[in-house]
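Me: I have a fold open on my screen and would like to understand the labels attached to it. Could you walk me through them?

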Amino acid sequence: MRLAALERSPGRFSRRSAEHRRAGPGRAHPLARIAMRTRRRRLGARRSLIPTTPQWIMLAGLVPAAALVAARKRLRVPPPLTLALVSLVPVAVAGVTPRRRWRYAAVGAAYMWSFTVTWTLPYERKAHLEKRLGIDYPIRIDTLLGFGVPPTLRLQRALRERSKVSHLDRLVTLVYGSWFVPHALLGWLLLRHHQYVPRAAGRLAAAYHLTTPFYFLLPTAPPWWASEKAGRMGGEVERVRRQVLNSLTGKPLESENTPEGNPWGSMPSDHIASAAITAKGLAEVGPIPGALGWTYVALASFSVVYLGEHYLIDVLVGLMVAEAVQRGEAVVAPAVHRVVLALDRLAG
């Protein structure tokens, strides 16, 4: 197999052992223990799928908690309570799901639902958030980074004609819409090399998780909003993605076409953070996968800046988040390991 060949091949990447790629730095990564135990149990006697008493208790709490989060607007659930409940849902799913391969998919789906709620939650108190909305600070930073002109404004001036949709616009929007690539790679790993999934999924979740505090603490308007809604940058920056989608459906280019989850969640770019941590993992497998991963990061970075969805500083902080995940992996491993062991004892 390709991975086995890479493990035996000489060169720079041979220093990354298969154990390192599965378990990360140091001894067994906290999440990797799930995969190792799962494989041993699959080779031995299979346990019953009937939930244990602790699992029934967790399941009894999981369903109403998820329902309460889903109905939070109608029931006027306080944001702190919503945040606490939605953060516990993936943990509960891990506790009630049997140790089977599809457990990864169940926990991953629960986590992405949790992240989506957490991302939109600050904007549900729009009036409160608007008091702290950052509009000018990223423009000033990007003006410095762009040598006098924000990169988004410079790119749209050079590469497109206002209020017209080009082939480049469609192509870049397609790249932007491929945010699911890291998740697709996890799906491929789950089918072909599931022993690598725990660490890869844990790192990807951490990259998303570290972006969410910014949306509460540092609400930031993206370039298109600062230009179209607040008149910054001379109103020259347009939301290209909206125009592309409208052109495909025959609507006027400037008409709104999608409900806004949180238009003020620009800083940092979770799109780039997730792509970068995935590229770092691919680079540990080998030089070719690593090159492909970083090529995607470069294309995605260009797309979010060109389309007006993020500033360049949002991209750079997203890359810093990925670097923080990589460097902090060994530090947080013991704490995560204890949580995983506790959940593992519940799962059948």
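**Labels and their cut-offs**

Reply: Gladly! Of the chain's 348 residues, 47% count as buried, where buried means under 20% relative accessible area, exposed over 50% and partly exposed in between, with a 1.4 Å probe and protein chains only. This is a predicted model, in which local features need pLDDT of at least 70 and side-chain atom pairs pLDDT 80 or more, while totals for chains, interfaces and linings use all residues. Residues are numbered from 1 along each chain as its sequence is written, and side-chain values use heavy atoms, leaving out hydrogens and water.

Me: Why is Met-320 called exposed?

Reply: Its relative accessibility is 55%, and exposed means over 50%, so Met-320 counts as exposed. Met-320 lies in helix 18; helices are DSSP runs of H or I with at least four residues, numbered from the N terminus.

Me: Why does Glu-284 count as buried?

Reply: The relative accessible area of Glu-284 is 5%. Buried means under 20%, so Glu-284 is buried. You will find Glu-284 in helix 16, residues 270-285.

Me: What makes the pair Glu-284 and Arg-199 a polar contact?

Reply: Their side chains are joined at 2.7 Å. A polar contact is a pair of N or O atoms within 3.5 Å; within protein, one must be able to donate a hydrogen and the other to accept it, and residues adjacent in sequence count only if both atoms are side-chain atoms. The 2.7 Å value meets that limit, so the pair is a polar contact.

Definitions and conventions
Helix = DSSP H or I, 4+ residues; strand = E, 2+ residues; numbered from the N terminus.
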